[in-house]
Amino acid sequence: MKAVRAFRYAAPATFYPLAGRLQPVFAALAIGLAIVGLGLGFLVAPTDAQQGEGYRIIFVHVPASWMAMFLYCVMAFWAAVGLAFRIRLAAMTASAIAPTGALFAVLSLFTGALWGKPMWGTWWVWDARLTSTLVLLFLYLGFIALQAAIDDPRRADKAGAILAIVGVVNVPVIYFSVRWWNTLHQGATISFTKSASIAPTMLWAMLLMALAFWMYAIAVVLMRLRIVLLERESHTEWVQHAVV
Amino acid sequence: MGGYAGYVWGSVGACALAMTLEPWLLRRRRERVLGELRRLRAAPAPLRPSAPASIRARPRQTA
């Protein structure tokens, strides 16, 4: 019975008001978590023995990088659901995720360059981790450009979904690049198989910031999805009522 | 910040700027779309102008 109730929200008309109610909750959570995370990271976490104060870039660089990879997987998942089951809302969700994912990929590369310059002496190297993250940005941009280039939204959704699904192979390449190849980029700070290589306060600050970025991503994706719904469903009765 | 201030605050500032700009731009886009939809709704049916570019008439979809 609960599953049937959940499917009700696959209809744009019922999902639109629900997204409107949830969006401020996620935005408030993002702000709250970011305040606590930044406070812990900049006021409590100790100075790093090797990288001094410069390591504090980790509190934005790692969350941005994780979100860039994670959002790509989520985008590919919803694109695949939209393709397999012809659910419009799923395809629209994938479209709404792409710009935010691309933004996180840009932030990952930019903050990485600002970290690389003082630590490695260079803004950029054609290292496996950096290059595969750049490819991730191009995949996001390719997805956005492909969908924008096709007028018929159903065909745009299909073409975008195929690109998103094929491109997902790049995500494990990014994640494991520091293990598979000899890279300048440092290895994973935390892993599922061994304990974290940083102090607990550093770890908590980083995890809180990752959670804040996650909540932010949900909030803005819901905002964009509501706009996409209004644009694509402008001919329907429920949109006519929603704009009053 | 031990000589790293520009790099650290540059990173935090870029994230803060991007994460403020994105919702602001989305809010503007939403207001524009709602304004266009309201204008279309207000226009009398025979004189109703064609939908603006951002709200192009989309073919009806199934499912």
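This is a predicted model: local features need pLDDT of at least 70, side-chain atom pairs count only at pLDDT 80 or more; totals for chains, interfaces and linings use all residues.
Residues are numbered from 1 along each chain as its sequence is written, and chains are lettered from A in the order in which they are written. Local features need pLDDT of at least 70 and side-chain atom pairs count only at pLDDT 80 or more, whereas totals for chains, interfaces and linings use all residues; side-chain values use heavy atoms, with hydrogens and water left out.

Me: Why is the pair R29(B) and E231(A) called a salt bridge?
Reply: The term asks for a side-chain nitrogen of Lys or Arg within 4 Å of a carboxyl oxygen of Asp or Glu. The side chains of R29(B) and E231(A) meet at 3.1 Å, N to O, so the pair qualifies. Across the interface of chain A and chain B the rule finds two salt bridges.

Me: How many residues of chain A and chain B are in contact?
Reply: With contact meaning heavy atoms within 4.5 Å, 44 residues of chain A touch 33 residues of chain B.

Me: What area do chain A and chain B bury between them?
Reply: About 3800 Å², 65% of it on carbon and sulfur atoms. Buried area is the accessible area (1.4 Å probe) that two parts lose on being put together, summed over both. I227(A), E231(A) and V243(A) supply 16% of the area that chain A buries against chain B, more than any other three residues.

Me: Which residues that line the largest pocket are the closest to its centre?
Reply: V62(A), S65(A), W66(A), M69(A) and R129(A), out of 40 lining residues. The pocket has a volume of about 1000 Å³.

Me: What classes make up the lining of the largest pocket?
Reply: The lining has 27 nonpolar residues, 12 polar and one charged. Here Ala, Val, Leu, Ile, Met, Phe, Trp, Tyr, Cys and Pro count as nonpolar, Asp, Glu, Lys and Arg as charged, and the others, Gly among them, as polar.

Notes:
On a 1 Å grid over the protein atoms alone, a cavity is a set of points where a 1.4 Å probe fits but cannot get out, and a pocket is an open set with protein on both sides within 12 Å along at least five of seven lines; lining residues have an atom within 4 Å of a point. Grid points are joined across faces, edges and corners, and a volume is the space filled by probe spheres set on the points.
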